[in-house]
Amino acid sequence: MPSMWLSENQKIGVIFCSAGGLFLFGGVLMFFDRSLLAMGNILFLIGLTLIIGVQKTIVFFTRPQKLKGTAAFCAGIILILLRWPLTGFLIELYGLFILFGDFLVTIGQFAGNIPIIGPYIRRGLEVLAGGRSNAELPV
């Protein structure tokens, strides 16, 4: 089977990010269970690091225009670990929106190809992005 364009580390990173998303989803379904949310955060960060590399991850999180999002994301993780899971999750979600909000237009363009509902998804993500476009991808 062809490996597409992903290296072995990147494939493992995709698995870690997917597992992190599932743990986060499970943590929300279990009424903001802090252990599931914390595990989801850890798996997501490990997966992101494996996908784009350590150096690019550090550069992405420390860019001046992303420091507000990084601070909110880290504060959310700390609040989850300090037994404030709902507040921590909401602050973390805000941080993720600041960090990855530039990619909503790109995701919308991809989702726009889905039959019937695609254009509605694309329009909704473009409205959420607030006019942000031409995002600079971290890879």
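**Charged pairs and the domain contact**

Tutor: K66 counts as buried, with a relative accessibility of 3%, where buried means under 20% relative accessible area, exposed over 50%, and partly exposed anything in between, taken with a 1.4 Å probe on protein chains only. The model is a predicted one, in which local features need pLDDT of at least 70 and side-chain atom pairs count only at pLDDT 80 or more, while totals for chains, interfaces and linings use all residues. Residues are numbered from 1 along each chain as its sequence is written, and side-chain values use heavy atoms, with hydrogens and water left out.

The side chain of K66 meets that of D102 in a salt bridge, 3.0 Å from N to O, the rule being a side-chain nitrogen of Lys or Arg within 4 Å of a carboxyl oxygen of Asp or Glu. Because D102 sits in the loop between α5 (85-100) and α6 (104-111) and K66 in the loop between α3 (54-62) and α4, the pair ties together parts that are 36 residues apart in sequence; helices here are DSSP runs of H or I with at least four residues, strands are runs of E with at least two, and both are numbered from the N terminus. D102, at 22% relative accessibility, is partly exposed. The count by this rule comes to two salt bridges, and one of them joins K11 to E8, with the closest N and O atoms 3.5 Å apart. Both K11 and E8 lie in helix α1, three residues apart, or about one turn of the helix; K11 is partly exposed at 28%, whereas E8 is exposed at 54%.

Now to the contact itself. The chain is assigned domain 1 (1-51) and domain 2 (65-132), bounds that come from an automatic or database domain assignment. Their C-alpha centres lie 16 Å apart. Ten residues from domain 1 and eleven from domain 2 take part in the contact, contact meaning heavy atoms within 4.5 Å. About 960 Å² is buried between domain 1 and domain 2, and carbon and sulfur atoms give 78% of it; buried area is the accessible area (1.4 Å probe) that two parts lose on being put together, summed over both. On the side of domain 1, F32, R34 and N41 lose the most area to domain 2, together 56% of what that side buries.

Across this interface the rule finds zero salt bridges, but two residue pairs are in polar contact, both at pLDDT 80 or more, a polar contact being a pair of N or O atoms within 3.5 Å, where within protein one must be able to donate a hydrogen and the other to accept it, and residues adjacent in sequence count only if both atoms are side-chain atoms. The elements giving two or more residues to the domain 1 side are α1 (8-29) and α2 (34-52), and the largest share, seven residues, comes from α2.

N41 is found in helix α2 and is buried, with a relative accessible area of 2%. Leaving aside residues up to four places away in sequence, N41 touches L24, F73, I77, I80 and E92. L81 lies in helix α4 (residues 67-81) and is partly exposed at 48% relative accessibility.
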